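Please read it alongside the sequence and the model.

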Amino acid sequence: MRDFCLFAHFDKDDRVDDYVLRYLKHIKALNFAIVFISTARLSPSEVDRVRSECCDVIVRDNAGLDFGSWAAGFARHGAAIDGRLLLANDSVYGPIGSLSDALVRLTSRPADFYGLVESVEVAPHLQSWFLLFEPGVVRDPAFSGVLCRPYAAMTKRQIITEGEVNLTRHLTG
């Protein structure tokens, strides 16, 4: 089985910053195959900066925020994912300390999915900047149903509700 990470990226200056490369290296060290999905207008040299850490680089229109990017990555690679799936993005600087140790602590109690931070805004849900799903969840129609929504046509508030909040709701309901 192979674990995958769908990594959503945006940069207003159309760059891949060093902290993003550092984060990708730490994720790759945990044996995740990384699909890097960017909504920045990356030059070929910027794409080359991430290519050595990633199994695929997708550059797409800036629509649908992170969920739009994860949906694009899942549409392309979902059938190949037979291990765990990590949804992550570039909105955090890190890791500070060992990402491996953090993942061990996070997964120390068996669950179908994991997140680092819970929010109670709108409804209780896991914030989407670091979500880990076990293989059974990735194959569940409720999961793919959430990732197949038309995020590009939604407002930011709708994306939070339809993506972040509903993902937790569907998987815990």
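**Lead**

Leucine 167 touches Phe67, Leu131, Phe133, Phe143 and Val146, leaving aside residues up to four places away in sequence; contact means heavy atoms within 4.5 Å. The model is predicted, with local features needing pLDDT of at least 70 and side-chain atom pairs counting only at pLDDT 80 or more, while totals for chains, interfaces and linings use all residues. Residues are numbered from 1 along each chain as its sequence is written, and side-chain values use heavy atoms, with hydrogens and water left out.

**Nonpolar cores**

- The largest nonpolar core has 27 residues, of which Leu6, Phe74, Leu85, Phe133, Phe143 and Leu167 touch the most other members.
- A nonpolar core is a set of buried Ala, Val, Leu, Ile, Met, Phe, Trp, Tyr and Cys residues joined through side-chain atoms within 4.5 Å; buried means under 20% relative accessible area, exposed over 50%, and partly exposed in between (1.4 Å probe, protein chains only).
- Two or more residues of this core come from each of strand 1, strand 2, helix 3 (65–77), strand 4, strand 8, helix 5 (135–138), helix 6 (141–147) and helix 7 (156–172). Helices (H or I, at least four residues) and strands (E, at least two) are DSSP runs numbered from the N terminus.
- Helix 3 gives the most to this core, with four residues.
- Another core, of 26 residues, lies apart from it and includes Val16, Val20, Ile27 and Val57.

- Six strands form an open sheet in the order 3-2-1-4-8-5, with mixed pairing; two strands pair if DSSP finds at least two bridges between them.
- Strand 3 (56–59) and strand 5 (113–115) are the edge strands, each pairing on one side only.
- From one strand to the next, the twist averages 15 degrees. Axes are lines fitted to C-alpha atoms, for helices over the stretch in contact, and angles run from 0 to 180 degrees between N-to-C directions.
- Helix 1 (residues 18–29) packs on the sheet and touches strand 1 (3–9), strand 2, strand 4 (85–89) and strand 8 (130–133). The direction of helix 1 makes about 150 degrees with that of strand 2.
- Helix 4 (residues 99–106) lies across strand 2, strand 5 and strand 8, at about 55 degrees to strand 8.

**Strand 2 and its neighbours**

- Seven of the seven residues of strand 2 are buried: Phe32, Ile34, Phe36 and Ser38 on one side, and Ala33, Val35 and Ile37 on the other.
- Strand 2 (residues 32–38) runs parallel to strand 3, joined by four bridges; valine 35 is partnered with aspartate 56, and serine 38 with valine 59.
- Strand 1 and strand 2 pair in parallel over seven bridges, with histidine 9 opposite serine 38.
- The β-α-β crossover from strand 1 through helix 1 to strand 2 is right-handed: with the strands pointing away from the viewer, the path from the first strand over the helix to the second runs clockwise.

**Tyrosine 19**

- Tyrosine 19, in helix 1, touches Asp90, Val92, Tyr93 and Gly94, leaving aside residues up to four places away in sequence.
- The side chain of tyrosine 19 reaches the backbone oxygen of aspartate 90 at 2.8 Å.
- Tyrosine 19 and glycine 94 are 75 residues apart along the chain, with their C-alpha atoms separated by 7.2 Å.

**Threonine 39**

- Threonine 39 is in the loop between strand 2 and helix 2 (44–51) and counts as buried because its relative accessibility is 9%.

Key
A polar contact is a pair of N or O atoms within 3.5 Å; within protein, one must be able to donate a hydrogen and the other to accept it, and residues adjacent in sequence count only if both atoms are side-chain atoms.
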